[in-house]
Amino acid sequence: MTGDLISTEPATGAALWRGPIGDVDAEVAAARAGWAAWAARPVTNRIETMRRFANVVRTKAEAFTDVIARDTGKPLWEAQAEVDSVIAKVDISVAAYSERTAQRRLDSPMGSRMALRHKPHGVLAVLGPYNFPAHLPNGHIVPALLAGNAVVFKPSEKAPAAGAFLIDCLRQAGIPEGCVRLLVGGPAEGKALAGHPGIDGLLFTGSAATGLALNRQFAAHPEKILALEMGGNNPMIVWSTPDLHAAAVLVVQSAFATAGQRCTAARRLIVDNALYEPLVAEIVKLANRLIVGAPHDNPAPFMGPVIDNETADQLTESFLAMMVQGGRPIRHIGRPVADRPFLTPGIIDMTTAARGDVELFGPILQVIRTDDFDAAIEEANNTRYGLSASLVSQDPDLYDRFWANARAGIINWNRPTNGASSSAPFGGIGWSGNHRPSAYYAADYCAYPVVSNESDAARATIGIGLRDG
Ligand code: NAD
Ligand code: SIN
């Protein structure tokens with residue numbers, strides 16, 4: 001790609017931001033030149049600098065919220081929550097750094113000392129998604145910088161303004177230019193960055209399709225760290241629960257928050273046949289009341305548009321394709337504004353239909369009925385992904401069975417599938433990741449352990465196996 005990348009607001013189509021497509025070689029070279037001095041600073045200095053970054057974001061919170069809302073179309077209240085997560089990430093990452101990768105003394109024989117320390121990898125590439133264009137890349141960038149790496153960050157081409165704002169805040173906090181580089185571009189620049197010999201690793205958040213391609217590419221490079229945070233086809237089971245309104249709220253929050261554009265969104269509702277009719281009636285009643293609108297609308301919308309018209313078209317077509325496969329629509333997905341990507345929630349009964357295992361990244365919920373709880377768990381696990389899963393039930397024994405048998409990195413009980421905490425590890429199994437969970441455990445992939453057996457002077461004897469001499 002050459003020329004400028006232009007970001008338009010999904011809700012209005014107005015141009016929001018433009019920036020020149022970056023030069024991958026130049027950005028990597030700048031980071032290579034910058035990282036050693038950053039790594040050599042005392043960690044207390046890097047912590048101070050990152051705390052200044054949190055303060056810069058605090059002072060710019062309103063403007064940052066506005067940019068995220070316009071860039072993605074998400075409601076202002078939700079963009080504000082994203083900014084709060086960006087700020088909170090610093091203290092959480094400082095705690096994670098010291099808990100998981102700080103220096104330790106280990107027992108050692110013969111009066112010597114053994115030290116466990118961690119070193120940064122060097123230059124880490126970060127590729128970001130569009131749904132949380134600040135919070136999720138920030139979840140790689142802050143721990144990577146704290147550990148002493150330099151970062152080349154390529155935000156999503158679908159929401160670059162939020163990424164550019166994030167980098168401005170880091171710079172204003174005093175992080176040297178060589179330590180954090182912004183690479184503007186799309187998949188071509190992402191591919192070139194991932195394959196660049198000057199990077200020491202790649203921290204990726206995005207789709208399984210891209211993640212699997214990167215995994216293949218990095219198979220030839222065991223010397224580089226690769227962290228993949230990918231998508232999900234997440235199940236929510238509702239079974240043996242008296243409060244169907246509360247259950248419906250949990251389903252709606254899980255499936256339709258952020259217009260379904262969360263990796264942890266519930267895609268499949270698996271429900272006891274006995275609860276099906278009344279539960280679905282509650283869900284539809286609630287879905288009918290959800291306000292779908294632009295970020296700054298008053299009253300505030302529950303959800304905004306999806307990211308662009310192409311995505312809205314694909315989701316609408318996927319809903320129709322599921323009907324062709326035998327799905328029975330419970331609530332048709334709607335496209336209330338012809339030329340903008342607003343969608344209203346779509347709900348479809350897929351119990352007797354042929355079901356594909358794809359992540360439909362938007363407000364579509366598939367419903368599957370069954371009579372048997374073991375069959376419900378089997379259905380929940382009927383996916384190559386394994387990010388998030390939730391059970392709504394008043395029966396703790398059912399939760400025990402669910403927890404023991406569900407295959408996912410997040411297993412919740414009477415809570416939504418989404419809303420993951422930054423204070424805990426965040427990642428999945430199967431096609432949801434490569435066993436390098438992010439959030440609290442991001443510290444683990446931002447540094448590698450070095451063990452040193454140390455003594456002030458060379459003192460050594462061979463006590464056995466020597467001839468007299
Ligand atoms: P995407 O995979 O299309 O793009 C992600 C990033 O990779 C972008 O910066 C893009 O430009 C770049 N890219 C695309 N193709 C590339 C290639 N071949 N080589 C290198 N880089 C490439 O993802 P998206 O559509 O922006 O984001 C939505 C996806 O992200 C969903 O699947 C969602 O589930 C997932 N996601 C996962 C998490 C998580 O933490 N597990 C969080 C949020 C979103
Ligand atoms: C996401 O990162 O896409 C969602 C995080 C969450 O809400 O659980």
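Reader: Where is Ser240 found?

Author: Ser240 is found in the loop between strand 10 (234–238) and helix 9 (244–256). Helices (H or I, at least four residues) and strands (E, at least two) are DSSP runs numbered from the N terminus. The model is a predicted one, in which local features need pLDDT of at least 70 and side-chain atom pairs count only at pLDDT 80 or more, while totals for chains, interfaces and linings use all residues. Residues are numbered from 1 along each chain as its sequence is written, chains are lettered from A and ligands numbered from 1 in the order in which they are written, and side-chain values use heavy atoms, with hydrogens and water left out.

Reader: What is stated about the phi of Ser240, and why is this residue called partly exposed?

Author: The phi of Ser240 is positive, about 50°, although the residue is not a glycine. Buried means under 20% relative accessible area, exposed over 50%, and partly exposed in between (1.4 Å probe, protein chains only). Ser240 has 30%, and therefore counts as partly exposed.

Reader: Why is Thr258 classed as it is in terms of accessibility?

Author: The relative accessibility of Thr258 is 5%, so this residue counts as buried. Thr258 sits in the loop between helix 9 and strand 11 (266–272). Its phi is positive too, at about 55°, although Thr258 is not a glycine.

Reader: What is the omega of the peptide bond from Asn298 to Pro299?

Author: The omega is near 5°, and the bond is cis. Pro299 has its place in the loop between helix 10 (273–289) and helix 11 (309–324).

Reader: What makes two rings an aromatic pair, and how many such pairs are there?

Author: Rings of Phe, Tyr and Trp (its six-membered ring) pair if their centres lie within 6.5 Å; planes under 30 degrees apart count as stacked, over 60 as edge-to-face and the rest as tilted. The count by this rule is five aromatic pairs. One of them joins Tyr385 and Trp431: the ring centres are 6.1 Å apart and the planes stand at 85°, so this pair is edge-to-face.

Reader: Why is that pair said to tie together separate parts of the chain?

Author: Tyr385 lies in the loop between helix 12 (373–380) and strand 15 (388–392), and Trp431 in the loop between strand 17 (425–426) and strand 18 (438–439); the pair therefore ties together parts that are 46 residues apart in sequence. Tyr385, at 8% relative accessibility, is buried, whereas Trp431, at 30%, is partly exposed.

Reader: How do you know that Tyr399 and Trp413 are stacked?

Author: Their centres are 4.6 Å apart and their planes form an angle of 5°, which gives a stacked pair. Tyr399 belongs to helix 13 (residues 396–405) and Trp413 to strand 16 (residues 410–413), so that the pair links distant parts of the chain, 14 residues apart. Tyr399 is buried at 16% relative accessibility, and Trp413 is partly exposed at 31%.

Reader: Which residues come nearest to ligand 1?

Author: A residue is near a molecule or strand if one of its heavy atoms lies within 4 Å of it. Of the 27 residues around ligand 1, Glu157, Ser207, Thr210, Met230 and Glu359 come nearest. Helix 7 (187–194), strand 8 (201–205) and helix 8 (208–219) each supply at least two residues of this shell, and helix 7 gives the most, with three.

Reader: What makes a pair of atoms a polar contact?

Author: A polar contact is a pair of N or O atoms within 3.5 Å; within protein, one must be able to donate a hydrogen and the other to accept it, and residues adjacent in sequence count only if both atoms are side-chain atoms. A polar side-chain atom of Lys154 is 2.8 Å from an oxygen atom of ligand 1, and a backbone N or O atom of Met230 is 2.6 Å from a nitrogen atom of ligand 1. The protein covers 90% of the 850 Å² of accessible area that ligand 1 has on its own (Shrake-Rupley method, 1.4 Å probe; for residues, only the protein chains shown count as cover).
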